[in-house]
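Trainee: I have a new model open and would like to learn how to read it. Could you walk me through it, one feature at a time?

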Amino acid sequence: MKKMTFIMAAMLALVLSACGEKDEPAFPDQELKVGDFFKITSEETGWYSENDKIASVEGNAVTANKVGEVKIRNAKHYFRVNVVPRYTYINDPYLAWGDSKAKVKRNVKAPILSETDNSIEFGPLGNETSTTYYFGTNGLARVLVNISSGKVSEAEILKFLNERYTQIGTGSGRGEQLINYKSPDDKPSITFTKYISPSPLAGTMTISYLKF
């Protein structure tokens, strides 16, 4: 029995030791802009990304693909890569699914234009016209950002979205053109809507963030 206990203790120590090695950072956290590269200066091999959509690895080169944070690992070590955007034509909306109205009020630093039992409309913080938060039975369920085409061009909004999300389809109807996106962590889905107008300054655009 003592021999068996000793063997089990030794096996547990080996497992804990291995886990400890894997959890050791290999490099300080890296901050990269979308499209940037980071060269892994290590003789270790087998590096891989926990999410290729945010950052991918080929050999010892890390490529930043979409805005977000991801760990790059091998059998023993890891380091974090924080991918940040190049384009900030509008403000990234506050997204925290399940948040209460009170918490959204505390975190969105913009004037409140209107409020109902299940929605809050905030004024602009930048080039947005307004941002409306809708609340379901379990908290925040949808965020709608309204943008004036007189302030931000369609090309600029597409650059903004393509840095942050992956396009998954397009559509049209009722005077609208739609582009659907998905977040790298598969949590929210995004629909960019362009309302077609005869006058280029009269058209409007919206970005709708939906909870999966």
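**Reading the cores, sheet and rings**

Mentor: Gladly; let us start from one residue. Leaving aside residues up to four places away in sequence, I207 touches I90, V143, L144, V145, I147, I157, F160, L161, I190, T191 and F192. Keep in mind that this is a predicted model.

Trainee: Which residues touch the most other members of the largest nonpolar core?

Mentor: First the general idea: in soluble globular proteins, nonpolar side chains tend to be buried together. Here the largest nonpolar core has 24 residues, and I157, L161 and I207 touch the most other members. At least two residues of this core come from each of β10 (119–122), β11 (128–136), β12 (139–148), α3 (154–164), β14 (176–182), β15 (188–195) and β16 (204–211). With four residues, β12 gives the most to this core.

Trainee: Which residues does the second, separate core include?

Mentor: That core has 15 residues, F27, F38, I40 and W47 among them.

Trainee: Before that, how should I see the chain as a whole? How many helices and strands are there?

Mentor: The protein chain has three helices and 16 strands. Of its 212 residues, 33% count as buried. The accessible surface is about 12,400 Å², and carbon and sulfur atoms hold 54% of that. For contacts with a separation of 6 or more, 48% are between residues 24 or more positions apart.

Trainee: Now a sheet, please. In what order do the three strands of the open sheet lie?

Mentor: To read a sheet, follow the pairing from strand to strand. In this one the order is β3-β6-β5, and the pairing is antiparallel. β3 (37–39) and β5 (55–58) are the edge strands, each pairing on one side only. Direction ignored, neighbouring strands of this sheet are turned by 20° against each other on average.

Trainee: Over how many bridges do β5 and β6 pair?

Mentor: Four bridges, in the antiparallel sense, with β6 covering residues 61–64.

Trainee: Are F27 and F38 buried or exposed?

Mentor: The cut-off for buried is under 20% relative accessible area. F27 has a relative accessible area of 15%, so F27 is buried. F38 also counts as buried, because its relative accessibility is 15%.

Trainee: What is the geometry of the pair formed by F122 and Y133?

Mentor: Another edge-to-face case, at 5.6 Å centre to centre and 90° between the planes. F122 is in strand β10 and Y133 in strand β11, so the pair ties together parts 11 residues apart in sequence. Both F122 and Y133 are buried.

Trainee: Which residues do ring pairs link into a cluster?

Mentor: F27, F38, W47 and F79. Compare that with the second core, which includes F27, F38 and W47.

How values were computed. Residues numbered from 1 in each chain as written. Predicted model: local features only at pLDDT ≥ 70, side-chain atom pairs only at ≥ 80, totals over all residues. Heavy atoms only, no water. Pairing = 2+ DSSP bridges. Axes fitted to C-alpha atoms, helices over the stretch in contact; angles between N-to-C directions. Core = buried A, V, L, I, M, F, W, Y, C linked by side-chain atoms within 4.5 Å. Buried < 20%, exposed > 50% of the residue type's maximum accessible area, 1.4 Å probe, protein only. Contact = heavy atoms within 4.5 Å. Areas by Shrake-Rupley, 256 points an atom, 1.4 Å probe, with all protein chains shown as cover. Phe/Tyr/Trp six-rings, centres within 6.5 Å; stacked < 30°, edge-to-face > 60°.
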